[in-house]
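Thanks for coming. I will go through one protein chain today, piece by piece, and the picture comes up now.

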Amino acid sequence: MSQTESEAAGADTAMRAQYEEYPYPERAPEDERENFIMRTFARLDSVSHHCYGGRQDFRRFRVLAAGGGTGDSTIFWGEQLRGRGTCEVIYLDLSSASLGIARRRAEVRQLDNIRWVNASLLNLPGLGLGQFDFIDCTGVLHHLEDPQAGLDALVSVLAPGGAMNLAVYGLYGRTAIYQLQELMRMVNAPDEVASRRVANTRTVLESLPPYHWLSISQKEGFALGGLGSDAGLFDMFLHSRDRAYTITEVHELLARSGLELIGEPGTQYGQTQYLPETFVKDPALRERLAHYPLRRRQQIAELMSGRLSMHEFYAVRAGEGARSARVTDTTLIPWQGMDVAAPLTVFADFAEQQTDDFTIPIPGKPLRIPNSRFTPFFLRLIDGQRSVAELYAAVKAGVPDASDAELAGAFDVFFTSLNRGNALFLRHPENAAFPQFGEMQARVGAAR
């Protein structure tokens, strides 16, 4: 065995041991009775809109949670697909400790639509699990010795017309984290036990000056959550293998496996972090950048943002990219997402008093609403029942001088902004209503 192969085997052993001792993320199964974790890119309304043109009804649907960890995505999928026809969720992870926690969480919620597999995703081609309509693999590929081999293994079990939700670390947003990782490699002895390495790391974190990059990142609200648990701290600062990607490298990674990104990538900071116009206010420069190729625009935005610590996105086989629902299909129904606690109609009166764009509150971030003379009508009339065509007809009744082009253009801008904030999607009228967050949360109480 060469030195490189020996180092890779050692890292594999260390990674497996890490997740047996510190299952990640740290979850207490009994907390499931009081708490329900939503994963935005795994939501039925979002998956249907972005990956299936708003036409997926989830009546016959198989999901693979690859590298399922302690079960966040698995539980969320299982709850959403509860009672929806012939559906199945397959959980796959190499850590038996993580599997045990995820399985107990499912038992607390009384979910019986999940199958449990204790294995590495690299073994997928030989596991005989069949093909999947959707593969959810977030936070896994960047820990593999060969991420490309891992992605190829996922592609091998992706059904024709299927889609994936993938997430890999972002390079620039993790600058402070990699600085700390290097520091802890110097502080900790190679053979030091895990608990002592964790204790040493906590001591170092408490010793950092306020001007250290990590201290500044925490003050600015960067995604450094989870440090309260030993599992979170170990995963962030002491992991045996950790690599990150620029958005350009994400496109290249996908292309080598015959995939392409669909829709717009997003993170906990939102999809607008990939748009140069989010940062550039000068009209002339904004106009110049608007004509650059998409990947170059994304790369510019990533460098300007500096805070993209995770790239999360949908991917499909190359040539299948034009799959997101469009407002030009006026038979589709605008459907309010579960992130917005109040109906959009409550903001209509406020919109009438505004002359400029404004924001409304949603959990975790404000949502920008582009204002036009039609905005109050859009907010009042979107009810989850009217199609786009019916919405246009209703707006014209209140604004008789509106031309088709003006109305369609205004709604496209309005919809795109809310869709980027996961607040508005499109669905086919024959699809049953998707479960809402409050409805799923209430099932926790029923399981008590």
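How many of the residues of helix H3 (residues 72–80) are buried? Nine of its nine residues are, and H3 is mostly covered. Buried means under 20% relative accessible area, exposed means over 50%, and partly exposed is in between, with a 1.4 Å probe and protein chains only. Among the buried residues of H3 are Ile-75, Phe-76 and Trp-77, and also Asp-72 and Glu-79.

Before I go on, some ground rules. This is a predicted model, in which local features need pLDDT of at least 70 and side-chain atom pairs count only at pLDDT 80 or more, while totals for chains, interfaces and linings use all residues. Residues are numbered from 1 along each chain as its sequence is written, and side-chain values use heavy atoms, with hydrogens and water left out. Helices (H or I, at least four residues) and strands (E, at least two) are DSSP runs, numbered from the N terminus.

Now the whole chain. The protein chain has 17 helices and eleven strands. Of its 448 residues, 52% count as buried. The C-alpha trace spans about 75 × 50 × 45 Å along its principal axes. For 448 residues, a compact globule would have a radius of gyration near 22 Å, and the 23 Å of this chain agrees with that. That radius is taken over C-alpha atoms, and the globule rule is 2.2 Å times the number of residues to the power 0.38. Contact means heavy atoms within 4.5 Å. Among contacts between residues at least 6 apart in sequence, 78% join residues at least 24 apart.

Next, the sheet. Strands of a sheet pair through backbone hydrogen bonds, either parallel or antiparallel. Here two strands count as paired if DSSP finds at least two bridges between them. The open sheet has seven strands in the order S3-S2-S1-S4-S5-S7-S6, with mixed pairing. Which strands are at the edges? They are strand S3 (114–118) and strand S6 (259–266), and each pairs on one side only. From one strand to the next, the twist averages 20°.

Take strand S4 (residues 132–138), where five of the seven residues are buried. Strand S1 (residues 60–66) pairs with S4 in the parallel sense over three bridges, and Leu-64 has Ile-135 in S4 as its bridge partner. S4 also pairs with S5, again in the parallel sense, over six bridges. There, Phe-134 stands opposite Ala-163 in S5. S6 and strand S7 (residues 310–317) run antiparallel, joined by five bridges. Leu-261 stands opposite Ala-315 in S7.

Helices lie across this sheet. Helix H4 (residues 96–108) lies across strand S2 (86–93) and S3, at about 170° to S3. H10 lies across strand S5 (158–169), S6 and S7, at about 150° to S6. Axes are lines fitted to C-alpha atoms, for helices over the stretch in contact, and angles run from 0 to 180 degrees between N-to-C directions.

H10 has a helix partner too. The axes of helix H10 (residues 247–256) and helix H12 (residues 294–305) come within 8 Å and cross at roughly 140°. That makes H10 oblique to H12: angles under 35 degrees count as roughly parallel, over 145 as roughly antiparallel, 65 to 115 as roughly perpendicular, and the rest as oblique. H10 contributes Ile-247, Thr-248 and His-251 to the contact, and H12 contributes Arg-295, Gln-298, Gln-299 and Glu-302.

Now some backbone details. Most residues other than glycine have a negative phi, and most peptide bonds are trans. Which bond is cis? A cis peptide bond joins Tyr-24 and Pro-25, with omega about -10°, and Pro-25 lies in the loop between helix H1 (3–21) and helix H2 (44–52). Gln-110, in the loop between H4 and S3, has a positive phi near 60°. Asn-422 has a positive phi of about 60° as well, and lies in the loop between helix H16 (404–420) and strand S11 (424–427). Are these two buried or exposed? Gln-110 is exposed, with a relative accessible area of 52%, whereas Asn-422 counts as buried at 9%.

Last, Gln-181 in helix H6 (residues 175–187). Gln-181 counts as buried, at 4% relative accessibility. Leaving aside neighbours within four places in sequence, Gln-181 is in contact with Arg-174, Met-236, Phe-237 and Asp-242. From Gln-181 to Ile-382, C-alpha to C-alpha, is 48 Å in space and 201 residues in sequence.
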